[in-house]
Amino acid sequence: GGAGDRQLPKDKWSNFDPTGLERAAKAARELDASRHAKDALSLAQMQEQTLQLEQQTKLKEYEAAIEQLKNEQIRVQAEERRKTLSEETKQHQARAQYQDKLARQRYDEQMRQQQLANEENLRRQEESVQKQEAMRRATVEREMELRHKNEMLRVEAEARARAKAERENADIIREQIRLKAAEHRQTVLESLKYVQTRRRAWVALLLFVFPNPSSFSLQVAGLTLLAVGVYSAKNATAVAGRYIEARLGKPSLVRETSRITVLEALKHPIKVGKRLTSKAQDALEGVVLSPQLEARVRDIAIATRNTKKNKSLYRNILMYGPPGTGKTLFAKKLAVHSGMDYAIMTGGDVAPMGREGVTAMHKLFDWANTSRRGLLLFVDEADAFLRKRATEKISEDLRATLNAFLHRTGQHSNKFMLVLASNQPEQFDWAINDRIDEMVNFDLPQLEERERLVRMYFDRHVLKPATEGKQRLKLAQFDYGKKCSEIARLTEGMSGREISQLAVAWQAAAYASEDGVLTEAMIDARVADAVRQHQQKMEWLKTEGAEASQGTGRNPLLPFPKGTP
C-alpha cells in the first residue's frame, strides 16, 4: 500500500537498476581471470559466426524466395500480357473485319450508284440518239416533202407553160402536123411505088430465068430460107458477141486486172504463158509493215489461200489509213499469194457514169462471178461513192448505183472477194459497214519500217542500176548504211510512197548531172527538199481540216463520236 502511495519518477532514468550491470561486470572479471576465458571467447565467436551463417542462410533463403516471387510475378505478368495481346489481336481482327465489311458495303454501294449513273447516262444517250434520229427523220421527211412540193410546182409550172405555149402556137403546131402528115403520106406512096416497081422487076427476072412454074416456086422457097438463115445468124452473132463481152471482156469500171482475156492471150502468148506457169509468191514480198500489222495480214493471207483451196466463202476486208501506206500493193500480193486474179477499180469512176452506173455495176459482178480462179475485187477510194445515203447529198443516179452495189454484195461469195480501201472510212454508209468482216489499219511507217523502206528503194532505184552498169548512173563512195539510217530519221511522218518517190528523185538527180554520179550532197539536197514538201502538205491538210471543222463543227480527220447517227 505504501508503494502505491509513492509518486512516479520524473524521468526514465530515475527507475534504472544498476545491479544487473554490476553482475555483468563481475562475471566479466571472473571470466577474464578464468583459464577458460579464451575458450569461452572462441566459443562465443564461433556461436557468433554460427549465428551469422544462419543469418546469411536465412538471408539467402529470403533472397531466393524473393527471386522466386519475382519470377512468379514476371510469369504472371507475361501471362497477363499474353492474354492482353491475344485479346487485343482478337479486337484488332474484329475491328478489321468490321472495317472490311464496311468497306465492302461502301464499295457495293458505290458500284450500285455508279451502275445506276451509267444506266441513267445510257438512257439519256439513247433518248438523245432517239431524239436526234427523230429530228433527222423529220428533217428528211420535211426535205422530201418540200422537194415533192417543189417538184409538183415545177411540173405544174412546166405544164402550164407548155399548155400556154401550145395555145399560143396552136396554128403553127397544126400546120406542122399537117406538113408532117403530108410528107409521111408522100414518103409512103413513093416507098410503095418503089417496092411495087422492084417486085415487078424481080418477078420479070425470075420468069425470065425460070420459065417453069414449079422450079420458080422452089427457088422462091430457097431464097426465103436463105434470108431467114442470114437473119438468124446475124442475131445469133450479136447475142454471142454480147455474151462474150459480158463474160470475157474487161468491164468499163475495171482499171487494172490480172485476169487473162482472149485478146490478151492472142496478143502476148509468151507473157500469158509465163504468168500461168508462175509459182505463188509470198504475200509480204516487197511490202514493209510493222511487226504487229505484218503478223495480222499474214494470217489474212493464209486464211484466204486456204479458203480458195477449200472453195469456201471469202471474207470482205476494209483497209484504211493514210495514202501511200501499201494498201493497193498488199491487195495485189494477197491475190497472187492466194492463186486468185485481182481487179482494181476506183470509186471516183462511178459517179461520172450517171445512169449507166447501175448497168456497169451489174456487168462488173457478172464478170466477177465467171472467174474460175476466184477474183479479188479491190475498190480504191471506196468512200467516193459508198457514202451515207441518209445524210450525204448524192445524186439519184449515184444512189441507184450504190443500191445495186449493196444488192450484189449482200451475201458472201465463193467466186470473188471484196477488198475496200479508204482514207476516210467514217463516211461509209452503214450498210457498207455491215458487209465488212475485218478491218485493218495501215498506219504510217515508224523508224524501223522507214529504214527498211529506204534501204529497199535505195537498192532498187540506185544501187542495183549503178552496179549492173546498164544505165547512165554511178554512185560516189560513202557509207550507204549510215546514210540510209540518217535518212530514215529525217523522213519522220512520210509514207512508203513518199519514200519511193524520194528514191526516184535520187535517180533523176544522177541523170541530170553531167557525169551521172550520185553524190552524198545530192542525196541530202533531195531529202531536204522532200522534207520541206511534206511539211507544206501537212500545213495544207491542217488548213483544210480547220476550214472543214468550221463548217461541220468537227475535225474531218477524226472519227465520228459514239452515238452519232
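Helix 10, a run of 14 residues, reaches 20 Å from its first C-alpha to its last, close to the 20 Å expected at 1.5 Å a residue, where the expected span is 1.5 Å times one less than the number of residues. Helices (H or I, at least four residues) and strands (E, at least two) are DSSP runs, numbered from the N terminus. This is a predicted model, in which local features need pLDDT of at least 70 and side-chain atom pairs count only at pLDDT 80 or more, while totals for chains, interfaces and linings use all residues. Residues are numbered from 1 along each chain as its sequence is written, and side-chain values use heavy atoms, with hydrogens and water left out.

The buried residues of helix 10 are Gly 357, Ala 360, Met 361, Leu 364, Phe 365, Trp 367 and Ala 368. They lie on the same side of helix 10, because they cover an arc of only 155° around the axis; the arc is that of the directions from the helix axis to the C-beta atoms. Here buried means under 20% relative accessible area, exposed means over 50%, and partly exposed lies in between (1.4 Å probe, protein chains only).

Among these residues of helix 10 is Phe 365, which is buried because its relative accessible area is 1%. Leaving aside its neighbours within four places in sequence, Phe 365 is in contact with Leu 377, Phe 405, Arg 408, Thr 409 and Phe 416, contact meaning heavy atoms within 4.5 Å.

Helix 8 (residues 291–309) can be read in a similar way. Its 19 residues should span 27 Å at 1.5 Å a residue, and its end C-alpha atoms are 27 Å apart, which agrees. Its buried residues are Leu 293, Val 297, Ile 300, Ala 301, Thr 304 and Thr 307. They are placed on the same side of helix 8, because the arc that they cover around the axis is only 125°. The buried residues of helix 8 pack against strand 2 (317–320), helix 9 (327–338), strand 5 (416–422) and strand 6 (438–441), whereas on the other side of helix 8, Gln 292, Asp 299 and Lys 309 are exposed. Helix 8 is followed by Lys 311, whose phi is positive, near 55°.

Charged pairs come next. A search of the whole structure finds 26 salt bridges, a salt bridge being a side-chain nitrogen of Lys or Arg within 4 Å of a carboxyl oxygen of Asp or Glu. In one of them, Arg 373 is joined to Asp 341, with the closest N and O atoms 2.8 Å apart. This pair links distant parts of the chain, 32 residues apart, since Arg 373 is in the loop between helix 10 (356–369) and strand 4 (375–380), while Asp 341 is in strand 3 (residues 341–346). Arg 373 is partly exposed, with a relative accessible area of 38%, but Asp 341 is buried, with a relative accessible area of 6%.

Other salt bridges lie within a single helix. The side chains of Arg 104 and Asp 100 meet at 2.9 Å, N to O, and both residues lie in helix 3, four residues apart, about one turn of the helix. Arg 104 counts as exposed because its relative accessibility is 54%, and Asp 100 is partly exposed, with a relative accessible area of 39%. In helix 16 (residues 520–552), Asp 529 and Arg 532 are three residues apart, about one turn of the helix, and their side chains meet in a salt bridge of 3.8 Å, N to O. Asp 529 counts as partly exposed at 28% relative accessibility, and Arg 532 counts as exposed at 51%. Elsewhere, salt bridges that share partners join Glu 120, Arg 123, Arg 124 and Glu 127 into one network.

Two further places remain to be visited. Tyr 62 is found in helix 3 (residues 37–168) and counts as exposed, because its relative accessibility is 53%. In helix 14 (residues 480–490) lies Ser 485, which counts as buried at 17% relative accessibility. Leaving aside its neighbours within four places in sequence, Ser 485 is in contact with Glu 451 and Arg 455.
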